[in-house]
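I open this notebook to record what I looked up, entry by entry. The entries follow the order in which I worked.

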Amino acid sequence: MGVKDILGGENFLTTRLDKAIGWARKYSIFQYPFVTACCGMEFMATAASHHDIDRFGAGLPRFSPRQADVLMVVGTINHKMAPILRRVYEQMCEPKWVVAFGVCTCTGGFYDNYAVVQGIDTIIPVDVYIPGCPPRPETVLNGLMLLQEKIEKGKQVY
Amino acid sequence: MTLKEQLIARFGEDVTPEPSRVGDEVYIVHRNRIFEVCQYLKESTNPKYDFLMDLTAVDYLHTGTKPRFAVIYQLYSMSTHRRLRLKAPVPESDPILPTVVPLWGVANWFEREVWDMFGIKFKGHPDLRRLLMYDEFKGHPLRKDYPFNKRQPLVKNTEPYEDTEILQYLQRIKQDEATQRDSGPEYLRDFLKRRETFEGDRSTRSFLLNMGPSHPAMHGVIHILLELDGEYVRAADLGIGYLHRAFEKECEVVKWGQVFPYTDRLNYVSPLINNVAYAMAVEKLLGIEITERAKYIRVIMSELSRITDHLTCIAANAMELGAMTAFLYFIEAREELYNLIEEITGARLTISYVRIGGVKADFTPDFPERCTSAIKLVREKLKEVHKLLTRNRIFYDRMVGTGVIDKDTALHYGFTGPVLRSTGIDFDVRKANPYLVYDEFDFDVPYGEKGDNYDRYLCRMEEIEQSCRIVEQALAKLPGGPLNVDHEGKIIPAHVMADYGKFGKTHELLQMEAVTDPTLSGSNAEFYRKIYPDAKAVVLPRKEVTYSSIEGMMNHFMLVMEGVGIAPEPGEAYAAVEGANGELGFFVVSDGSDHAYRVRVRPPCFTLMSGFHKMIEGDQIADVIATFGTINMIAGELDR
Ligand code: SF4
């Protein structure tokens, strides 16, 4: 039985609580950077002082999937890598979100060949797509804000 | 005696010189004698070709050349800086030839890659298994008859794992271990045997630890299997291919000029150098000489790229050792350089700036000024980081004496670049085989003594300074004149390029700064319609021309469409530049059509990683991180 049920299901109290939790969650994003390729350079740039991802409460990367709640898939995923990505995703605890960073992760990008997975959404569910090859830091921040919105407005699990 | 006479005297008919249109030295060797020929070249000829630069293969299925395959050996003479190419034809019916691993350690990985990609076997190879692809993969992707987009996925659906699947997985691991013991790779067999003898005495038993492919302190996907004895690394085995994106196959599908975007993403920390290297290889094949100004521009952009590469490498390395401040400082400088590069190329990272026959766009008027101030900032940051790191006790202790490699091992494993130089060999392609206009600049090649992490760090720091010097000199000397060349290698002054415009005024038109309406009907469109670049030029027309004049558009269209455009005469060429990590070479093969028959890149970090285990064996596990950082492995280039 979840906390929600103890509080009596959907009612004024739980919707307020939902709101409060959503607000808190959106500013405490612990991301797992699954960095594989060129997009990682822009990921670095977003994290460093010029663009400063810390302003959005997403500055702290967690390198264990068990402690992270947003899986940032940064860079091309090929078929050799796919099972590993899948396992990392499986290991994360709910609630969890996935960001596809860069066009390679969105659709395979311009690597339409024998090696590359044509979009990571064929292996794991994706919440926010950030296109671009690589996306500029500004685009990344935009994507991050979309994710925050989604986290805030979405159904809260607790 | 010339080399040819020496070889013929020794091997008779088994070695024949092959004429090369582009001036490379090429010999065809009977496959059964390849080992002897290599050994002779390495040990006895004058000059000695003692360094294996690259080893690859070509599948000649579509050209009709018989036999179907040829294995290519790129040798290099460290004493005379000369290059030599050996070709060993291999028939499809019996694709096997002797290994050269006893001569060069680096051949181990090269040959594994050839086996993986082409299905050519090497007799006597210690451990011939797949390198880039996975074991479940069927077929050899670089063979011409393997469809370029035939996928063999490992994860098939979006269903989550079931518990039973995990159990099956564990079961499979157990079984694997049992089979590995008898038939697995040599290294693992040894380990498992050794472990069995230790069974029961747990205190001395060594154990295996997986690092990667997704590891916090490893920027780049690589799998290191470590055999640990307590904290110490006893042996290591590397698995790569987690970022294999079929670069070489993709190049065979697209046009010559369309390869550039893919080269950006090889070493994505210094994309401009890759661009330049590829363009140089194709230009060699076409036999064109680019203009003086384009050469200078290429040099300046390459050096800026080298600086960003070293900055990123040191920043990431320091961060992994806990020095976050250094990381932030260097990224700040890099950001400034990115902005500068963006101003010229239109992109921060994936720039596709170089064109066959020139570059995409000229410098903006305020470039020299901005460049000088960016260089100033880089120097400032360099000073600050020197203060923060170079004499920092913690950093020093972690870098000195770790990841040591000696000269001979480094050469054995085909190391080049800062890692080779840290051992005390001052080999730098810019000095050894000057290309573009590098011989006109005054710069030093820093090298180390001990071949440890600290030496590598210092080498890179000093190289940043040297690159700054080159940029400054190049800016001061930057000649005027035309930017790009046409197909015949003649220089087209900008105004001649527009000469085909049927009306007057074109002369002044091109002297104007190009501020264009991006549409065909803008108020300036009348002017730009008059520009009619030579349809036979190899260089893509400038973007503003493409977008604003029908002729430019058609010219662009013709250059990139099927069946027309750039088509070098059949032939093969190898061109190399000094990448940020070492020699970056492109081997291109043309069959006379409008797309490359084969593009092979010699990635500098491939050889570095093939000898990586030698650098970490005997060190502690924490040193693996420091060593990995100073190698600056870039997965895009390693796995291609
Ligand atoms: S989207 Fe572009 S920049 Fe990002 S990983 Fe793919 S190829 Fe590289």
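**Entry 1: the ligand site.** I began with the cavities of this predicted model, and I noted that the largest cavity is the space taken by the ligand. Which residues come nearest to the ligand? I found 14 residues around the ligand, and C38(A), C39(A), C104(A), C133(A) and R265(B) come nearest. I recorded the site as shared between chains, because the residues that surround the ligand come from chains A and B. I then sorted the shell around the ligand by class: eight of its residues are nonpolar, four are polar and two are charged.

**Entry 2: a cis bond at a ligand neighbour.** I returned to C133(A), one of the residues that come nearest to the ligand. The peptide bond that leads from C133(A) to P134(A) is cis, and I read an omega near -5°. I located P134(A) in the loop of chain A between β4 (128-130) and α6.

**Entry 3: helices α3 and α6 of chain A.** I next examined α6(A), residues 137-153, which packs with α3(A), residues 39-47. I noted an angle of about 75° between the two helices and a distance of 9 Å between their axes. Roughly perpendicular is the term for angles of 65 to 115 degrees, and α3(A) is therefore roughly perpendicular to α6(A). From α3(A), the contact takes in E42(A), A45(A) and T46(A), and from α6(A) it takes in P137(A), V140(A) and L141(A). By class, I listed four nonpolar residues, one polar and one charged in this contact.

**Entry 4: helices α9 and α24 of chain B.** How do α9(B) and α24(B) pack, and at what angle? I recorded an angle of about 170° for α9 (residues 292-320) and α24 (residues 621-631) of chain B, with the axes 8 Å apart. Angles over 145 degrees count as roughly antiparallel, and this pair is therefore roughly antiparallel. On the side of α9(B), I found C313(B), N317(B) and E320(B) in the contact; on the side of α24(B), I found I625(B), A626(B), G629(B) and T630(B). The classes here are three nonpolar, three polar and one charged.

**Entry 5: backbone exceptions in chain B.** I kept in mind that most peptide bonds are trans and that most residues other than glycine have a negative phi. K66(B) and P67(B) are joined by a cis peptide bond, with omega about -10°. I placed P67(B) in the loop of chain B that runs between β3 (51-59) and β4 (69-76). Where does S352(B) lie? I found S352(B) in the loop between α10 (324-345) and β11 (354-355) of chain B. S352(B), a residue other than glycine, has a positive phi near 45°.

Definitions and conventions: Residues are numbered from 1 along each chain as its sequence is written. Chains are lettered from A and ligands numbered from 1 in the order in which they are written. This is a predicted model: local features need pLDDT of at least 70, side-chain atom pairs count only at pLDDT 80 or more; totals for chains, interfaces and linings use all residues. Side-chain values use heavy atoms; hydrogens and water are left out. A residue is near a molecule or strand if one of its heavy atoms lies within 4 Å of it. On a 1 Å grid over the protein atoms alone, a cavity is a set of points where a 1.4 Å probe fits but cannot get out, and a pocket is an open set with protein on both sides within 12 Å along at least five of seven lines; lining residues have an atom within 4 Å of a point. A molecule sits in a cavity or pocket if more than half of its atoms lie within 2 Å of its grid points. Ala, Val, Leu, Ile, Met, Phe, Trp, Tyr, Cys and Pro count as nonpolar, Asp, Glu, Lys and Arg as charged, and the others, Gly among them, as polar. Axes are lines fitted to C-alpha atoms, for helices over the stretch in contact, and angles run from 0 to 180 degrees between N-to-C directions. Helices (H or I, at least four residues) and strands (E, at least two) are DSSP runs, numbered from the N terminus. Angles under 35 degrees count as roughly parallel, over 145 as roughly antiparallel, 65 to 115 as roughly perpendicular and the rest as oblique. Contact means heavy atoms within 4.5 Å.
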